[in-house]
Amino acid sequence: MAPLVLVRRFEAPSERWSPGHRGADLRAAAGATVVAPHDGVVAFVGMVAGRPVLSLDHDGGLRTTYEPVTSALAVGQRVRRGQQIATVAGPPHCDGGCLHWGARVGETYRDPMSLLRPSVVRLLPVP
């Protein structure tokens with residue numbers, strides 16, 4: 001597996017309606033394989049604003065979204081972590097080609113790159 005190259009970082013909006021970059025853009029050429037970051041269920045497959053999009057629902061209310069992608073999956077289908085869920089489609093999302101990967105819990109957008117980092121465990125002293 002090729003290392004991930006971050007083209008554009010997540011930029012949280014100051015307010016829900018404010019500008020921001022509600023995801024991370026990862027360098028990817030058309031035809032590149034997209035895999036599920038966690039187990040989940042397909043929530044949406046279709047076009048949004050002229051781009052092909054796939055969304056997965058995961059435990060804890062997390063929804064991840066991928067664009068532009070082509071997928072043979074259907075709404076309601078279960079996926080496993082590491083399973084191929086789509087391929088990057090054209091036209092490219094950004095110059096040079098990339099995958100836009102979004103994540104949110106409820107209406108709050110999160111940095112999807114945090115899904116790849118191991119959790120930090122902090123041990124506190126026992127009182």
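Reader: Which side chain makes a polar contact with the side chain of His 58?

Author: The side chain of Thr 64, at 2.7 Å. A polar contact is a pair of N or O atoms within 3.5 Å; within protein, one must be able to donate a hydrogen and the other to accept it, and residues adjacent in sequence count only if both atoms are side-chain atoms. A polar side-chain atom of His 58 also lies 2.8 Å from the backbone oxygen of Asp 39.

Reader: What kind of model is this, and how is it numbered?

Author: This is a predicted model: local features need pLDDT of at least 70, side-chain atom pairs count only at pLDDT 80 or more, and totals for chains, interfaces and linings use all residues. Numbering runs from 1 along each chain as its sequence is written, and side-chain values use heavy atoms, without hydrogens or water.

Reader: Is His 58 buried or exposed?

Author: Buried means under 20% relative accessible area, exposed over 50%, partly exposed in between (1.4 Å probe, protein chains only). His 58 is buried because its relative accessibility is 9%. His 58 sits in the loop between β5 and β6 (62–67); strands are DSSP runs of E, at least two residues, numbered from the N terminus.

Reader: What does His 58 touch, leaving out residues up to four places away in sequence?

Author: Contact means heavy atoms within 4.5 Å. The partners of His 58 are Pro 37, His 38, Asp 39, Gly 40, Thr 64 and Tyr 66. Tyr 66, beyond four places in sequence, has contacts including Val 34, Ile 85 and Trp 101.

Reader: Which members of the largest nonpolar core touch the most others?

Author: A nonpolar core joins buried Ala, Val, Leu, Ile, Met, Phe, Trp, Tyr and Cys residues through side-chain atoms within 4.5 Å. Here, among 18 residues, they are Val 34, Tyr 66 and Ile 85. β9 supplies the largest share, three residues.

Notes:
Helix = DSSP H or I, 4+ residues; strand = E, 2+ residues; numbered from the N terminus.
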